[in-house]
Amino acid sequence: PSAGDYRLRATSVAVDRGDAALSLDVDGVTIRGAGMDKSILTFKNQTSGSEGILVTADDFTIEDLAVEDTVGDSIKVEGSTNVAFRRVRVEWTNGPDPENGAYGLYPVQCTNVVIDGSVAIGASDAGIYVGQSHNIIVKNSRAEYNVAGIEIENSIGADVFDNVARNNTGGLLVFSLPGLQVPNGANIRVYNNVSENNNTKNFAPEGNIVGEVPTGTGFMLLSNSLIEIFDNTFKDNDSANFIIASYVIFNSKITEESPKYYPYPETISVHGNSFVGGGQNPDKENINVLGIMAELRVQTFPDIVWDGNKNPAHGGVLPDAARICVRDNGDADMVSLEAEGLDFGTLIDDIKAFDCTHPRLDAVTIPGE
């Protein structure tokens, strides 16, 4: 279509999109339905395409509708500026299944991204995913029965708040992976979210990196810096409510292979969060991720687990500006495995060793939001 506001006027339950994907490459288009439970595009009969809807245009808004049962990703927006998903539901209605599409809401290599009041269910990778992007707000949304509920990956400047991640494998993820266009993620705030009961068995297809996320993870931070996590509730996540890790646990030579990539999490602030339950039934099948079970030799995990990997240039001790700071989280407990790659050293299990502060990060600003 040309630029403009397009409404799905019918309020019938479902419109069968047939066997093909939809695509849009015209700037300035808004697609608006009558509600995520009223205007539904179903792709159950799809046989071609890598996603249900593919958008490669700027100034794009999609709102008040649902996309169901795509053969691949649900709604992918690539290389766009000014992108908004408002009250959009994406779902695979057969429940958790490795045959489901990988991503639900999927903006990648975008600038100024807003995801508000949306729902993602059943993705075999991430339900709500923003990757290699700048200036991001994810708020008021819900992710359930995905492998990763809400994931920010290799992105700069994100605020993730007032969301619920429930019944996923991992609730909230902040990742940086090697070999991508944006080499490292940073400046991300995660606050006022609830991440609970994320105990759905990992159903990612074999070989997918999220297949290494332990079933029962409330929050996992992998190889990001300048991250602030505060005022969240992490509850009853069976493996661990909170994990901090370095990519060197997957590849100890990654800095040699990807010199622009920085795999060590630094300048991390974890404060004011509530930890309830959790760690009571660790996922022993994913022991390779952190080597936690072999090292701790305990039946339950502490609330916060850090693999302890540090840049060797620091000489084994992070400088003050790069420390992992954990304070004012109620009666939460913590352990650092003090690893060098997958060689674990003397455990540090005194949370007071991480009592420090960093300057607060600035809020993300998006024009018109």
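I started with the sulfur atoms, and the structure holds one disulfide (a pair of cysteine sulfur atoms within 2.5 Å). This is a predicted model, where local features need pLDDT of at least 70, side-chain atom pairs count only at pLDDT 80 or more, and totals for chains, interfaces and linings use all residues. Residues are numbered from 1 along each chain as its sequence is written, and side-chain values use heavy atoms, with hydrogens and water left out.

**Entry 1: the disulfide**

I looked up the partners: C325 is joined to C356, with an S to S distance of 2.0 Å. The torsion about their S-S bond is about -110°, so I noted the disulfide as left-handed. C325 belongs to strand β29 (residues 324-327) and C356 to the segment after β32 (343-344), so the pair ties together parts that are 31 residues apart in sequence. For the element names, I use DSSP runs numbered from the N terminus: helices are H or I with at least four residues, strands are E with at least two.

Are the two cysteines buried or exposed? C325 is buried at 1% relative accessibility, and C356 is buried at 11%. My cut-offs are under 20% relative accessible area for buried, over 50% for exposed, and partly exposed in between, with a 1.4 Å probe and protein chains only. I also checked C110, which is buried with a relative accessible area of 1%.

**Entry 2: following the parallel strands**

Next I walked across a run of paired strands, where two strands pair if DSSP finds at least two bridges between them. Strand β13 (residues 126-131) pairs with β16 in the parallel sense over five bridges. Across that pairing, I found Y129 opposite E151 in β16.

From β16 I moved on to β19, and this pairing is also parallel, over five bridges. Here A148 stands opposite G170 in β19.

L173 has M220 in β22 as its bridge partner. Three bridges then join β22 to strand β25 (residues 242-245), again in parallel. M220 turns up here too, with I243 in β25 as its bridge partner.

Six of the six residues of β16 are buried, so β16 is largely enclosed by the rest of the structure. For strand β22 (residues 217-222), six of the six residues are buried, so β22 is likewise largely enclosed by the rest of the structure.

**Entry 3: the second largest cavity**

I worked on a 1 Å grid over the protein atoms alone: a cavity is a set of points where a 1.4 Å probe fits but cannot get out, a pocket is an open set with protein on both sides within 12 Å along at least five of seven lines, and lining residues have an atom within 4 Å of a point. Grid points are joined across faces, edges and corners, and a volume is the space filled by probe spheres set on the points.

By class, the lining is seven nonpolar, no polar and no charged residues. I count Ala, Val, Leu, Ile, Met, Phe, Trp, Tyr, Cys and Pro as nonpolar, Asp, Glu, Lys and Arg as charged, and the others, Gly among them, as polar.

**Entry 4: the largest pocket**

I put the volume of the largest pocket at about 310 Å³. Its lining has 16 residues, and Y264, K310, N311, P312 and E340 lie nearest the centre. This lining splits into six nonpolar, seven polar and three charged residues.

I found E196 in strand β21 (residues 194-196), and at 13% relative accessibility E196 is buried. Leaving aside neighbours within four places in sequence, E196 is in contact (heavy atoms within 4.5 Å) with A165, R166, N167, K235 and N237.

D37 sits in the loop between β4 (29-32) and β5 (40-42). With a relative accessible area of 56%, D37 is exposed. I also took one C-alpha to C-alpha distance: D37 and A353 are 49 Å apart in space and 316 residues apart in sequence.
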